[in-house]
Amino acid sequence: MAEVYGSVAAGFESVREEFATVAAAEARDGGAQLAVYHQGRQVVDLWGGDGVDGDALLALYSSAKGATSLVVALLIQDGTLDPDREVASWWPEFAAEGKDRLTLRGLLAHRSGAIGVDGGFRPAELADDRAVAARLAAHRPYWEPDSGHGYHALTFGALAGEVVLRATGRTVQAHYEERIRAPYGIDYHLGLPEELEPRFRTALPLIPTPAQAAFLAASPARPDDLLGVAFGQHADPPFDAVAYGNSRAVRAACPLSGGGVGSARGLARMYAAVAGPLDGRPPLLTPDTLAEVSRVHSSGKDLVTGENNAFGLGFVPLATRHPELGPTAIGHSGVPGSQSFADPSRALSYSYARRRFAFLGGPGAPENDRLIRAVARAADGAAA
């Protein structure tokens, strides 16, 4: 990707330079977008790559977990949801197979053990959170609830969404549209309207380097271990992430674990509404709520991925991965390598979106390290 388009505000020129370097070396021919807000205004709006401009809508996968967590945080802030109440008190069927004592707090912190079901989910089920939730409710957890944590790759949204629906009578998608997307004009959608389909650009698979291909060949997926179950590799057919993101059924319904569609501009704007005042409105989350949802609730070795990681209440506490960020920075990545977050300590929000899958990009592609450092330095310089 040779050409970079868009604009940056004064003081953020170094971010454009870094994005150009990253785009040439990392994003290859798939295209990428970068958007940043600082102190309530957009200061970075960059893009490049075949078929990708600033208006392109991309499959942003687990970024939907961040939007879902924001809805849940607002409902906790309202007093509608109590994080220390048992999930089964809203959803009695969930009590089956020893899940009766799990609280909403434990569920949001990826501690339920409800990462999948025997035989996996069919593709049609993965477009329908209610179907996924019904199967999870009756199924045994893969570890004793609250005894450890593991990434609920394909099930987090169905679980959280069912609690919201049972508690309020409305879906996460409806709450998001009414309280977040429509009021702020956010170009990130939990259910892509048909009229926006012409702006959608299909997700593209990884093109591995020879070294990456050798690594993958030497580390084949084991369908029946916890990683295989959580990522649907024990299903028939196995879960295909690229096909999932490119499915119109998924884009229309938006299963909340990974069906959201939008642009870097959209997610940066959503998180800008968390990072500080936006459009004359106060931040969406109060300081007390922000402190609670950003606090580390699970840390250490992830039972699914085997990696050391951390979760707050749904969100990922970003300072655990990017120490240059403030202690209440929250967000979520997407499997192609995308990353989006709010850093309220700087009134800063960030979103990097990729079209082509990166190598091991689930926690955010490695180029995010360079881009985030450049953005943080520029924001600190602008505030000085």
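Helices (H or I, at least four residues) and strands (E, at least two) are DSSP runs, numbered from the N terminus. This is a predicted model, in which local features need pLDDT of at least 70 and side-chain atom pairs count only at pLDDT 80 or more, while totals for chains, interfaces and linings use all residues. Residues are numbered from 1 along each chain as its sequence is written, and side-chain values use heavy atoms, with hydrogens and water left out.

**Largest pocket**
- On a 1 Å grid over the protein atoms alone, a pocket is an open set of points with protein on both sides within 12 Å along at least five of seven lines, whereas a cavity is a set where a 1.4 Å probe fits but cannot get out; lining residues have an atom within 4 Å of a point.
- The largest pocket holds about 1600 Å³ of space, and of its 48 lining residues the closest to the centre are Leu227, Phe231, Val335, Leu360 and Gly362.
- At least two lining residues come from each of α8 (210-218), α9 (226-230), α10 (241-245), β9 (308-311) and β11 (330-334), with β9 giving the most, four residues.

**Largest cavity**
- The largest cavity, with a volume of about 40 Å³, is lined by Leu126, Asp129, Val132, Leu154, Ala158, Tyr244, Pro255 and Ser257.

**Strand β2**
- Seven of the seven residues of β2 (residues 32-38) are buried, meaning under 20% relative accessible area (1.4 Å probe, protein chains only).
- β2 pairs antiparallel with β3 (residues 41-48) over seven bridges, where pairing requires at least two DSSP bridges, and Tyr37 stands opposite Gln42 in β3.
- Seven bridges also join β2 to the antiparallel strand β13 (residues 348-354), in which Ala353 stands opposite Gln33.

How values were computed. Grid points are joined across faces, edges and corners, and a volume is the space filled by probe spheres set on the points. Buried means under 20% relative accessible area, exposed over 50%, partly exposed in between (1.4 Å probe, protein chains only).
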